[in-house]
Each structure stands twice: as C-alpha cells, then as structure tokens.
Amino acid sequence: MPNPNAPTPRSLGRWRSCTNPRNLPESAGIYRMRRTRNRVTQTMYVGKASNLRQRLSNHNRLRGGDKIQFKLVPHSRRMYRDPVRQANRSRLDVAERLHLRSELARGQNCRRNHDLRQWVRTYNALPQSRQTIRLTRRT
C-alpha cells in the first residue's frame with residue numbers, strides 16, 4: 001500500500017455537511033462548526049475527533065442554525081514529522097492544524113486554543129522548503 005499523502009485540505013477532499021450529529025460516522029476525522037449571522041457564514045470552531053459521532057453529539061455549543069461539516073481522515077494513527085516542533089504527530093493532528101491554517105488564511109476568526117494559533121503562525125513563518133510534512137511511521 002502506498003504512503004498516504006500529507007493530510008492537506010486539498011488531499012482530504014471536500015467538506016461534507018451534516019445537520020444531525022447522530023447521523024455522523026463513527027470514524028476519525030476533523031470537523032468545523034459554522035454559524036450564519038446577517039447572511040455571513042463564519043467558521044466558529046475547527047476540531048478533531050477519533051469518533052466524530054460521539055464527539056459532536058456531546059458538543060454543547062450547537063444552536064439551531066449551526067452547520068456541522070466534516071472530513072474523514074483515513075490512516076489517522078500514522079505518524080508525520082511536524083516541521084514546527086520537530087516531533088512526530090498523528091495524521092489526525094496534522095490534518096487539524098493544516099485545516100485551521102487554511103481557515104485563518106481565508107479570514108475566518110475561529111476560536112481555538114493559543115497553542116494551535118501559535119503553531120500556525122510559526123508554520124507560516126517557515127521558509128517554503130521547510131513546510132513539508134513527511135510520513136515517519138505507519139501504524
């Protein structure tokens with residue numbers, strides 16, 4: 001089996017929408033919650049989960065007009081080299097970080113912890129040649 005690509009926003013495909021968390025698959029993936037105010041849709045949160053259905057059914061920030069979108073992350077436990085921290089991270093971790101980066105680049109002001117925002121700033125400051133994410137270990 002060939003090495004899976006780094007989990008970039010493009011390689012994982014399109015966002016899938018779901019209105020009811022009980023209809024989500026019980027597999028690993030990343031998700032974003034979007035809210036529409038005054039005809040402007042904004043990303044409120046980007047997160048990861050090893051079981052999407054269980055994680056989002058317990059989420060207490062959902063409101064009536066919120067939209068849940070998700071992407072499945074196959075091979076979620078494979079390890080990749082993080083160019084910022086020089087450490088190994090799971091494919092699920094890397095996917096969450098790269099998708100948060102793309103949301104921030106589009107001007108979305110999603111709520112996420114300080115550590116992830118700092119990672120995105122440091123990653124963006126790296127030279128283009130060091131922004132590669134390589135597979136280090138299969139599991």
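In which strand is Y45 found? Select Y45: the residue is in strand β3, residues 40–49. Helices (H or I, at least four residues) and strands (E, at least two) are DSSP runs, numbered from the N terminus.

Before moving on, note that this is a predicted model, in which local features need pLDDT of at least 70 and side-chain atom pairs count only at pLDDT 80 or more, while totals for chains, interfaces and linings use all residues. Residues are numbered from 1 along each chain as its sequence is written, and side-chain values use heavy atoms, with hydrogens and water left out.

**Stop 1**

With a relative accessible area of 17%, Y45 is buried. Buried means under 20% relative accessible area, exposed over 50%, and partly exposed in between (1.4 Å probe, protein chains only).

**Stop 2**

Select β4, residues 67–72. Two strands pair if DSSP finds at least two bridges between them. Strand β1 (residues 16–18) is joined to β4 by three bridges, and the two run antiparallel. Within that pairing, R16 has F70 as its bridge partner. Strand β2 (residues 29–37) also runs antiparallel to β4, with six bridges between them.

**Stop 3: R63**

Go to the loop between α1 (52–57) and β4, where R63 lies. Is R63 buried or exposed? R63 has a relative accessible area of 54%, so it is exposed. Show contacts next, where contact means heavy atoms within 4.5 Å. Leaving out residues up to four places away in sequence, R63 touches R35 and R37. R35 is 28 residues from R63 along the chain, with 8.6 Å between their C-alpha atoms.

**Stop 4**

Select H75, in the loop between β4 and β5. Most residues other than glycine have a negative phi, and most peptide bonds are trans. H75 has a positive phi, near 55 degrees. Its relative accessible area is 31%, so H75 is partly exposed.

**Stop 5: the three-stranded sheet**

Select β5, β6 and β7. They form an open sheet in the order β6-β5-β7, with antiparallel pairing. The edge strands, each pairing on one side only, are β6 (87–90) and β7 (135–137). On average, neighbouring strands of this sheet are turned by 50 degrees against each other, direction ignored. Axes are lines fitted to C-alpha atoms, for helices over the stretch in contact, and angles run from 0 to 180 degrees between N-to-C directions.

Zoom in on β5 (residues 79–82), which four bridges join to the antiparallel β6. M79 is bridged to S90, and D82 to A87. β5 and β6 form a hairpin with four residues between them, and Q86 in the turn has a positive phi of about 55 degrees. Q86 counts as partly exposed, at 44% relative accessibility.

**Stop 6: helices α2 and α3**

Select α2 (residues 91–105), which lies across β5 and β6 and runs at about 90 degrees to β6. How do α2 and α3 pack, and at what angle? The angle is about 75 degrees, with the axes 10 Å apart. The two helices are therefore roughly perpendicular to each other; angles under 35 degrees count as roughly parallel, over 145 as roughly antiparallel, 65 to 115 as roughly perpendicular and the rest as oblique. Residues of α2 in this contact include L98 and R101, and those of α3 include W119 and Y123.

**Stop 7: the nonpolar cores**

A nonpolar core is a set of buried Ala, Val, Leu, Ile, Met, Phe, Trp, Tyr and Cys residues joined through side-chain atoms within 4.5 Å. The largest has 14 residues, and L98, L100, W119, Y123 and I133 have the most contacts inside it. α2 and α3 (114–125) each supply at least two residues of this core, and α3 gives the most, with four. Select Y123: among the residues that Y123 touches are P83, V84 and I133, not counting residues up to four places away in sequence. Apart from this core lies another, of 11 residues, among them L24, M33, Y45 and I68.
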